[in-house]
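Here is a walk through one protein model, meant to be read with the structure open beside you.

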Amino acid sequence: MRATFMYGAGDVRVETVPDPGLQQPTDAVVRIVRSCVCGSDLHPYHSLPASEQGTPMGHEFLGVIEDLGQEVTGFKRGDLVVAPFAYSDNTCVFCREGLHTSCLNGGFWAVGGVGGAQAEAIRVPQAQGTLVKLPVDEDSELLPSLLTLADVYGTGYHAAKQADVNARTTVAVIGDGAVGLMAVLSARRLGAERIILMGRHEDRTKLGVDFGATDVVPERGSEGVERVRELTGGEGVHAVLEAVGYMNSYETAVGVVRPGGVISRVGVPQYEDAPIGFGSLFGPNITLTGGPAPVRAYIEELLPDVLEGRVEPGRVFDRTIGLERVPDGYRAMDGRTALKVLIQP
Ligand SMILES: [Zn+2]
């Protein structure tokens, strides 16, 4: 089959590799119908050290089950399924608490001998706990929206849930990438009536307004902080959903959150040290939360709205490419000429 590998920063290649097969009785093999490039794939695209051996890429997919291990029940060959960006057994102590990204038997795609999803097929460990059957055909127009359940929609939703967003919450979303826009959609779904989207790409913030943003702040840094403070009567917001991951985004979050508020991070932090002391979080009683979203915990909850067309998160995809053009897809997302690239292998 053909599959995508990264050999170093900026070096993405599509290569022929052996087809994946079952290794454990708990595995499945899925033929990938739709995949995509993630904003988080851009971090290694900027910084991965060069190596002889490429790293498999991609962690978002939906596809058709081609083969099933003996211990996997509840599925059959030919089922269309979606997978979250982490696999999990859905039964261990952490899964039962809704924290599937910490599953005792789980792990992440493209790590430790598991392939990536920017490929024609993939082996799925812990298939029974990981996969969710989709009640549509593989030519359904809903596929782009259903694919967002693999990561970005669930990740945006996690940000909003961790911040306890509700009808009384004023929200600021930092970042107008796909996760930021999904955080807007999620905050709206949870009832927030005031949602300030901080982003400076007009085509993206327009989509954010469609998804429920009430205000757009294109200014960055201290100007952006000042603008959000003005919009909230000087108080700041109850909930900051941080969907970028850079240090300056964290500083903006600290700047716009109100006393007693919550900063909920889902952008993968590109820093280890950040202010948490008296002048930043402790003094004003700020809660800092967030982490890799246990997307598996949210799929069943978010699925009906997508199936019934009440939300259309798939609008974040603004380009569709074949597998051979995946390197162009990375370039387009890195150059901000595409918001999120859909791959149709
Ligand atoms: Zn588990």
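Three strands make an open, antiparallel sheet in the order β2-β1-β4. Its edges are β2 (11-16) and β4 (55-56), each with a single partner strand, so one side of each has no neighbour in the sheet. Strands are DSSP runs of E with at least two residues, helices are runs of H or I with at least four residues, and both are numbered from the N terminus. Two strands count as paired if DSSP finds at least two bridges between them. Strand β1 (residues 2-8) and β2 run antiparallel and share 6 bridges; in one of them, Phe5 has Arg13 of β2 as its partner.

This is a predicted model, in which local features need pLDDT of at least 70 and side-chain atom pairs count only at pLDDT 80 or more, while totals for chains, interfaces and linings use all residues. Residues are numbered from 1 along each chain as its sequence is written, and side-chain values use heavy atoms, with hydrogens and water left out.

Lying across β1 and β2 is helix α12 (residues 326-334), which runs at about 160 degrees to β2. (Axes are lines fitted to C-alpha atoms, for helices over the stretch in contact, and angles run from 0 to 180 degrees between N-to-C directions.) The buried residues of α12 are Val326, Pro327, Gly329, Tyr330, Ala332 and Met333. Buried means under 20% relative accessible area, exposed over 50% and partly exposed in between, with a 1.4 Å probe and protein chains only. These buried residues pack against β1, β2, α1 (42-47), β17 (319-321) and β18, where contact means heavy atoms within 4.5 Å. After α12 comes Arg336, which has a positive phi near 60 degrees.

## Strand β3 and its partners

Now look for β3 (residues 28-36), which is mostly covered: 8 of its 9 residues are buried. Which strand is joined to β3 by 7 bridges? That is β5 (residues 61-68), running antiparallel to β3, and Ile32 has Gly63 in β5 as its bridge partner. β3 also runs antiparallel to β18 (residues 341-343), with 2 bridges between them; here Cys36 is partnered by Leu342.

Strand β9 (residues 121-124) is joined to β3 by 4 bridges, again in an antiparallel arrangement, and Val30 has Ile122 in β9 as its bridge partner. In a regular strand the side chains alternate between the two faces of the sheet. In β9, Ala121 and Arg123 point one way and Ile122 and Val124 the other, and all are buried.

## The zinc site

Which residues hold the zinc ion? Asp89 (OD), Cys92 (SG), Cys95 (SG) and Cys103 (SG) coordinate the zinc ion, at 2.1 to 2.4 Å. Donors are N, O and S atoms within 2.8 Å of the metal (3.2 Å for Na, K and Ca); water is not among the atoms, so sites may look incomplete. Along the chain, the donors follow the spacing D-x2-C-x2-C-x7-C. Asp89 sits in the loop between β7 (86-87) and α2 (93-96), and Cys103 in the loop between α2 and β8 (107-108), 14 residues apart.

The 4 donor atoms subtend angles of 92 to 121 degrees at the zinc ion, so the arrangement is tetrahedral; for four donors, that label asks for all angles to lie between 85 and 135 degrees. Asp89 counts as buried because its relative accessibility is 11%, and Cys103 is buried as well, at 9%.

## The parallel sheet

Another open sheet has 6 strands in the order β13-β12-β11-β14-β15-β16, with parallel pairing. Its edge strands, β13 (215-217) and β16 (287-290), each pair on one side only. From one strand to the next, the twist averages 20 degrees. Within this sheet, 5 bridges join β14 (residues 237-242) to β15 (residues 257-265), and Val237 stands opposite Val257 in β15.

Helix α6 (residues 178-189) packs on the sheet, touching β11 (170-174), β12 (194-198) and β14, and makes about 175 degrees with β12. Helix α8 (residues 221-231) also packs on the sheet, touching β12, β13, β14 and β15, at about 165 degrees to β12.

## The whole chain

The protein chain has 12 helices and 18 strands, and 55% of its 345 residues count as buried.

Terms used
Tetrahedral: all angles 85-135°; square planar, octahedral: opposite > 155°, others 65-115°.
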